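Hi,

Here is the structure I promised to send over.

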Amino acid sequence: MTVLLTARQMRDAEQAAFASGAATGAELMERAGEGVVSALLNSWGELAVVPSRAIILCGPGNNGGDGFVIARLLARRGWAVRVFLLGQADGLPPDARLNHDRWCTMGDVRRLPFDTPPQPEGPSGVVVDALFGTGLTRGLGPEVAGVLESLEAQGFEGWYRVAVDLPSGLCADSGRRITAEDGTTAAFRADLTVSFHAAKLGHYLDEGAEFCGALAVADIGLSPEATPELVRLVQAPALPLGKRGGHKFDHGHALVLSGGFGRTGAARLAARAALRVGAGLVTLGVPGAAQMEVAAQITALMMRRIEAADDLAQMLEDRRLNALCLGPGLGADRARELVPAALAAGRATVLDADALSAFSDAPDALFSALHPGCVLTPHGGEFARLFPDLSARLSGPARRGPAVSRVDMVRAAAARAGCTVLLKGPDTVIAAPDGDAAVHAAVYERATPWLATAGAGDVLAGLICGLMARGVDPWRAAQTATFLHVEAARHHGPGLIAEDLPEALPAVLRGLGA
Ligand SMILES: NC(=O)C1=CN([C@@H]2O[C@H](COP(=O)(O)OP(=O)(O)OC[C@H]3O[C@@H](n4cnc5c(N)ncnc54)[C@H](O)[C@@H]3O)[C@@H](O)[C@H]2O)[C@@H](O)CC1
Ligand SMILES: [K+]
């Protein structure tokens with residue numbers, strides 16, 4: 001399992017290594033520097049062949065210490081290396097000071113901010129940002145922001161930008177840029193970020209991937225941590241997806257509630273996704289006025305008339321209907337009518353879109369009706385309507401590092417709602433009420449910009465519902481559906497519209513050995 005760490009968890013892993021005698025700080029710093037050098041040589045093969053040039057910006061902490069190791073290792077390979085230090089050598093922590101001094105036997109250290117910014121002095125090379133890593137506590141002030149700006153102004157075309165551990169200015173826990181006292185939010189924009197031991201949350205959340213460029217994680221010989229608060233990175237389905245034998249009723253019966261005439265498309269998309277992901281049967285619950293419209297559009301899906309809460313309650317007397325989906329295209333009035341009846345039935349239930357927004361005036365009424373079998377799938381706007389206080393903590397500027405993150409807020413939301421909450425986005429965060437949290441980030445090699453299309457969210461709700469109909473618990477259903485959703489988008493590629501997602505699933509499932 002791949003986990004994402006906070007800055008504190010990374011420090012704990014380091015301290016555990018010191019306490020057990022497994023490594024010293026200087027050893028870890030050496031391995032970190034080696035990790036950066038091998039990652040950059042791997043990323044840009046030409047640099048491994050011919051010695052190149054490096055400009056290395058070192059900060060006042062151990063991130064700066066890594067910078068001095070990198071300087072030494074590259075100079076030994078014959079590179080022309082120029083090193084700059086922010087602050088005084090006397091103020092460096094011991095391991096960083098050791099590596100500063102070792103570097104000083106090989107080359108000089110100029111001060112930051114620059115008197116005159118360095119020129120590229122060659123067609124290619126590497127700018128290394130070793131200013132701040134997990135120890136960033138405040139935003140980059142005008143001094144450091146000015147250094148980054150003046151480097152940008154030099155162009156450095158053909159040069160690569162490498163961030164050590166994190167792009168300076170970016171918060172390790174949240175992926176947000178920390179805002180300085182003067183209101184600026186500067187950060188180093190990297191082509192490659194090389195982190196150590198395990199990726200940090202900030203590499204995947206929020207603006208993280210945008211500033212990291214690409215991400216490599218170097219092994220520095222620390223033991224894997226196993227604490228319950230760890231956040232997992234979803235990179236595969238959370239369970240085998242193959243269908244065992246049996247009758248269609250053995251694979252569950254999902255019910256997707258549709259909106260009225262002219263508004264049934266979203267529910268039909270969700271229903272088709274539920275069927276494609278393997279629910280044995282899927283029925284659309286449709287108001288009378290929309291029955292003709294729906295009937296003209298469906299084949300394998302079934303349809304039942306559901307006008308009011310009583311119809312739904314009556315239908316749910318059939319225990320074989322084991323998973324519900326309400327929200328896509330449902331309409332606010334119909335949501336207020338049907339959601340309480342659906343929740344009272346105690347079935348596995350996905351609430352999305354209108355089923356969430358309809359309760360923005362009285363979220364507590366919704367929370368008191370929810371149960372652990374529910375999954376809420378808000379996008380940012382719906383999350384803000386249900387959890388305005390939590391959302392506000394994310395939307396304001398982050399003044400201190402580490403800053404509050406999407407994971408913190410979705411965890412708080414899941415605890416408040418008493419059920420699984422999935423906050424959609426390129427960095428989807430899923431949290432269970434017991435504090436378990438997972439991130440699925442459609443970034444780096446999994447970037448799927450084509451997924452930003454009308455109806456994609458309806459399909460996701462349907463996938464979760466379909467998996468829950470198959471008996472998967474909400475926590476694993478939410479993670480697996482998110483993974484499949486992105487896999488389907490990647491499989492289809494450019495030109496994707498929501499209808500394509502369920503149709504791409506057979507190939508995706510086959511590829512996963514289902
Ligand atoms: N924790 C670990 O296991 C390891 C850490 N290593 C490196 O050590 C780094 C963490 O080192 P540190 O904890 O010393 O932290 P940093 O080097 O990230 O920065 C801390 C220093 O910067 C100052 N500072 C923070 N924000 C500032 C701002 N906006 N403007 C000016 N000064 C600011 C702090 O007061 C402190 O002096 C990691 O990112 C990584 O690069 C590696 O050497 C290997 C192992
Ligand atoms: K850095």
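A quick word on naming before anything else: helices (H or I, at least four residues) and strands (E, at least two) are DSSP runs, numbered from the N terminus. This is a predicted model, so local features need pLDDT of at least 70 and side-chain atom pairs count only at pLDDT 80 or more, while totals for chains, interfaces and linings use all residues. Residues are numbered from 1 along each chain as its sequence is written, and chains are lettered from A and ligands numbered from 1 in the order in which they are written.

On confidence (pLDDT is the predictor's confidence in each residue, from 0 to 100), the protein chain averages 96, and 99% of the residues score at least 70. For the complex, the predictor gives an ipTM of 0.98 and a pTM of 0.96.

Now the ligand. A residue is near a molecule if its C-beta atom, placed from the backbone, lies within 6 Å of it. By that rule 29 residues surround ligand 1, and the closest are Glu-14, Gly-61, Asn-62, Gly-133 and Gly-135. Three helices, α1 (7–20), α2 and α4, each supply at least two residues of this shell. Which element gives the most to it? That is α4, with five residues. By type, the shell divides into twelve nonpolar, twelve polar and five charged residues; here Ala, Val, Leu, Ile, Met, Phe, Trp, Tyr, Cys and Pro count as nonpolar, Asp, Glu, Lys and Arg as charged, and the others, Gly among them, as polar.

So what does α4 look like? It runs over residues 62–76 and reaches 21 Å from its first C-alpha to its last, close to the 21 Å expected (the expected span is 1.5 Å times one less than the number of residues). I call a residue buried if 20 or more other C-beta atoms lie within 10 Å of its own, exposed if 12 or fewer, and partly exposed in between, with C-beta atoms placed from the backbone. Twelve of the 15 residues of α4 are buried, so the helix is largely enclosed by the rest of the structure. Among them are Asn-62, Phe-68, Val-69, Ile-70 and Leu-74. The cover over these buried residues includes α2 (25–43), α5 (94–104) and the strands β2 (53–58), β3 (80–86), β5 (125–130) and β6 (159–164). After α4 comes Gly-78, with a positive phi near 95 degrees.

Further along, UniProt places the feature "domain: YjeF C-terminal" at residues 231–512, in an unreviewed entry; such annotations may be inferred rather than shown by experiment. Over residues 231–512 the chain is 43% helix and 16% strand, and the end C-alpha atoms are 24 Å apart.

- α8 (residues 265–276) reaches 16 Å end to end by C-alpha, close to the 16 Å expected. Twelve of its twelve residues are buried, and Gly-278, with a positive phi near 115 degrees, follows the helix.
- α18 (residues 474–492) should span 27 Å with its 19 residues, and its end C-alpha atoms are 27 Å apart, which agrees. In α18, 15 of 19 residues are buried, and Gly-493 follows with a positive phi near 80 degrees.

Last, Glu-34 in helix α2: with 16 C-beta neighbours inside 10 Å, Glu-34 counts as partly exposed. Glu-34 and Ala-267 are 233 residues apart in sequence and 53 Å apart in space, C-alpha to C-alpha.

Cheers

Key. Contact = placed C-beta atoms within 7 Å.
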